[in-house]
Amino acid sequence: MSSDSVNIRLQVAEQNLVNAINRNSNFLGQVVKSNDSVDDSLKNVSNRHLNNDGLAQVLLTSAGGTAVKADTDCVVQQDPEHRPGWNLFNQVGGTKFNLYYFDGTQEIITLEDLTSVYFKGFINNNSETSSMPFIHVYTKPTGSGDAGPFYHSKIDYEYNSDNTIGIGEECVFYAENEPKTKFTNRKIKLNSKTVTGDGFITEEILYLVVSSNSGATAGAVNVTLNLLGMDSEVGDLEIKRNLVLVSESSLTGGATEAKQDDIITDLGNIKTELFAINTSTGSIDDKITTGNDFTLSQAQQVLVYGEVTSGPGTGELHPIHITQNGDVEVAIADIEKKGQEIMADSFPVVIASDQSNLNTKLIAEDNSAVERNIRCDSNGKLIVQVDGVRTNGSETLNIPDSTTGTSSPILMGTHKYIAFYGDTDNTTNTNIFIEYSQDGVNWYRGAGDNAKIIIVSATGNFYDEEHVTPPRIRISRPNTSGSAETLQLYYTLL
């Protein structure tokens, strides 16, 4: 359990104690009349953690969670290990997260007022410098000398690799001064501070944001954050903010009032149905007796009938017979009409175990519903002829001068061979390269002639065929001709 969860539970316990004291204040007053200070001390066990620490929470899937994530485009999900917080992961390169947790449009706090900004969470990957989250402080634009389109100044606090971060260790990362909220976690200061714009202490804060670097390699950012916080001093007023990030609703599966109402309704329906059953069966209570010995000598005898469901006599009732040994007597009708080719109408056949060889002949239907014998070679191996299934495709590439055009990725699927062919209106450069990929993101070229197609310079036509193992393939065409190029590509998969 995280330290934050322990703190919250202690705070809730203290609140419950206060409520109990308030309910019994008259009694306590009578008991301690001679010492009013005791009563006052008990009543002062208050909301000091819940209120003074500025605790709040936001659920990942709520509207508030959406507002906090804002323009985040990386993966945001429940922690895979069910640790508290939001797991943020750049599965695709170029994606990032921005978590907004202070909105200066509704209150006024200046840079001078801000004494600490921080976040708490787990660093699950620290493979490169850009793996680490950092903190933005934006100030409100003034319309004069603004350093950005929506802010006047920006202050960045970043980790400068001057400490050791344990992978999976829950730490508090802070800037300026240590948080005034008490945490048992190790605290790591973000010592690198960069100011863009004036950064005057009188500037009013617009946003506080915890962010990641969009330049990080795919998969290099993997953190689980569970708290975003700040401390400020406005005059004599000391303000704390601690926003807890929650990924699972505490009411999931809980006994809500609506669920309890449903259960009460269901129980009422069951009671009604039981009453109806008792009413319907009450007339047979004295007509059926039960036995309590092996022979059921005291049991009511019952004659069981079966109904004819098809053929002559449909709808007639006939008693089920029992043999003298107590077995159900069964007669099989029309067995002579059963065939061996239609399985649904066939009768099971038992092959004797002392048969040394069982000669069989297998027949299958071809695409024209004509029966064909299935054959084996002289070694007993099944003879199979597979007709290849071809898949065709095409694409037109419009390639500006001094650029390289690539075709859309072609999925090989179950195909092993591919043929490229087509033409181009520009034969200055005669090379078309073949590139291979496993994931559709990272592409690689081979070496030698197997990695390129030679364009026939006189006509612009080209052709090449390859035996391909990777799951994806494409062509790459550099245009160095001095003018735009149009390349018509056709391909056939086999």
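The stops below cover salt bridges and a charged surface patch.

This is a predicted model, in which local features need pLDDT of at least 70 and side-chain atom pairs count only at pLDDT 80 or more, while totals for chains, interfaces and linings use all residues. Residues are numbered from 1 along each chain as its sequence is written, and side-chain values use heavy atoms, with hydrogens and water left out.

**Salt bridges**

A search of the whole structure finds 13 salt bridges, each being a side-chain nitrogen of Lys or Arg within 4 Å of a carboxyl oxygen of Asp or Glu. In general, side chains of opposite charge can pair when their charged atoms come close.

Select E170 and K120, whose side chains form a salt bridge with an N to O distance of 3.2 Å. Because E170 belongs to strand β8 (residues 170-176) and K120 to strand β5 (residues 114-123), this pair ties together parts that are 50 residues apart in sequence; strands here are DSSP runs of E with at least two residues, helices are runs of H or I with at least four, and both are numbered from the N terminus. E170 is buried at 11% relative accessible area, and K120 is likewise buried, at 0%, where buried means under 20%, exposed over 50% and partly exposed in between (1.4 Å probe, protein chains only).

Next select R186 and E169, which meet in a salt bridge at 2.8 Å, N to O. This pair links distant parts of the chain, with R186 in strand β9 (residues 186-189) and E169 in the loop between β7 (154-158) and β8, 17 residues apart. R186 is partly exposed at 32% relative accessibility, and E169 is partly exposed at 27%.

Then move to E485 and R477, a salt bridge in which the closest N and O atoms are 2.8 Å apart. Are these two residues buried or exposed? E485 is buried with 2% relative accessibility, and R477 is buried with 1%.

**A charged patch**

Finally, select E257, D261, D262 and D266, which gather in a patch of negative charge on the surface. A patch of this kind is made of residues with over 30% relative accessible area and no salt bridge, like charges being joined within 9 Å. Within that group, E257 is located in helix α6 (residues 257-281) and is exposed, with a relative accessible area of 64%.

Notes:
Patch = residues over 30% accessible without salt bridge, like charges linked within 9 Å, V, L, I, M, F, W, Y side chains within 5 Å. Areas by Shrake-Rupley, 256 points an atom, 1.4 Å probe, with all protein chains shown as cover. Lys, Arg positive; Asp, Glu negative; His and termini not counted. Charge placed at Lys NZ, Arg CZ, Asp CG, Glu CD.
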